[in-house]
Amino acid sequence: METIGSRIRAEREAQGISRAELAKFAGIASTTLSNLELGLSKSSTALHKIASRLGVHADWLESGKGPKTTEDRPVAPFSETETPPGYVRFDLFEGSAGMGAGMVNQDYPEVVKTIEVAEWEVRRKLGYLPQPGRIQLITGRGPSMRPKLEDGDIVWIDTSCDYFDGDDYYLINIGGETQIKMLQKRGDGLYVVSVNTDFPAYRPDPGDVSILGKALIHAGLRKF
């Protein structure tokens, strides 16, 4: 049975593209791409970049239906011009991450807007200039992360961290729902923790949590 992962792998191998090369182009870790190809992960915010590198439609990669090649690809809803010198370009994806109940993003996210931020501002917020594709933006929805994050805030996600890297804020997927939460290691396991105390911490079943990236809450990302 064909899956999104099997289609990606078949196209990649047919074109002689290594997994490391494709992952680097998409701005994701090789392990993330491997999990996607093996069917261990069902989603990726980098799908449009994977499709672009392979020269196929993202919709075809996702469903196996519709035109495969990008010859008749519609004009993208964002500027594809070169980023001005001294600025860094970030992609804002459609869909959202729940800060309360999780959000089920049925379709793989596509870029709906790009934001260009001065290099000095990026350095001030992050302390470094990220490689293209490493930092991705998504909108937080819900009240569970107040006052750290408010409903509608845009959050930068460091997709190079797709593993538990100590107690911190992460973009996670639990049961097909995308959420921004703190992950905290306790004596009896890993807990999902909200900033708003109206939302009690809980311990999900091992293996149910997929880490999609680290949420850079510290950077004051609602202000550009």
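Setting aside neighbours within four places in sequence, I8 is in contact (heavy atoms within 4.5 Å) with L22, L33, L36, E37, L47, I50, L54 and L61. A nonpolar core here is a set of buried Ala, Val, Leu, Ile, Met, Phe, Trp, Tyr and Cys residues joined through side-chain atoms within 4.5 Å. Buried is taken as under 20% relative accessible area, exposed as over 50%, and partly exposed as anything in between, using a 1.4 Å probe and protein chains only.

A word on the model itself. This is a predicted model, in which local features need pLDDT of at least 70 and side-chain atom pairs count only at pLDDT 80 or more, while totals for chains, interfaces and linings use all residues. Residues are numbered from 1 along each chain as its sequence is written, and side-chain values use heavy atoms, with hydrogens and water left out.

Now the overall layout. The protein has 6 helices and 8 strands, where helices (H or I, at least four residues) and strands (E, at least two) are DSSP runs numbered from the N terminus. Read from the N terminus, the elements go α-α-α-α-α-β-β-α-β-β-β-β-β-β. Of the 224 residues, 46% count as buried. Among contacts with a separation of 6 or more, 61% come from residues 24 or more positions apart. The protein exposes about 11,600 Å², and carbon and sulfur atoms supply 50% of that; accessible areas come from the Shrake-Rupley method with a 1.4 Å probe, and for residues only the protein chains shown count as cover.

The largest nonpolar core holds 18 residues, of which I8, L22, I28, L33, I50, L54 and L61 touch the most other members. At least two residues of this core come from each of helix 1 (4-14), helix 2 (19-26), helix 3 (30-37), helix 4 (47-54) and helix 5 (58-63). Helix 4 gives the most, with 4 residues. In soluble globular proteins, nonpolar side chains tend to be buried together.

The buried ones are L47, H48, K49, I50, A51 and L54. Just after helix 4, G55 takes a positive phi of about 75°. E21, for its part, has its place in helix 2, and at 36% relative accessibility it counts as partly exposed.

On to the strands. Strand 8 (residues 209-215) pairs in the antiparallel sense with strand 4 (residues 154-158) over 2 bridges; two strands pair if DSSP finds at least two bridges between them. Within this pairing, A215 in strand 8 is the bridge partner of I157. Strand 5 (residues 168-174) also pairs with strand 8 in the antiparallel sense, over 5 bridges, and here L171 has G213 as its bridge partner.

K214 is found in strand 8 as well. At 13% relative accessibility, K214 counts as buried. Leaving aside neighbours within four places in sequence, K214 is in contact with W156, I157, D158, C161, D165, D168, Y169 and Y170. K214 and L171 are 43 residues apart in sequence, yet 5.9 Å apart in space, C-alpha to C-alpha.

Strand 6 (residues 177-186) and strand 7 (residues 189-193) run antiparallel and are joined by 5 bridges. The two strands form a hairpin with 2 residues between them, and Q184 stands opposite Y191 in strand 7. Strand 7 is mostly covered, with 4 of its 5 residues buried. The ring of Y191 also has the charged end of R186 sitting over it, 4.4 Å from the ring centre; the criterion is NZ of Lys or CZ of Arg within 6 Å of the ring centre and within 35 degrees of the ring normal.

The peptide bond from R146 to P147 is cis, with omega near 5°. P147 lies in the loop between strand 3 (135-141) and strand 4.
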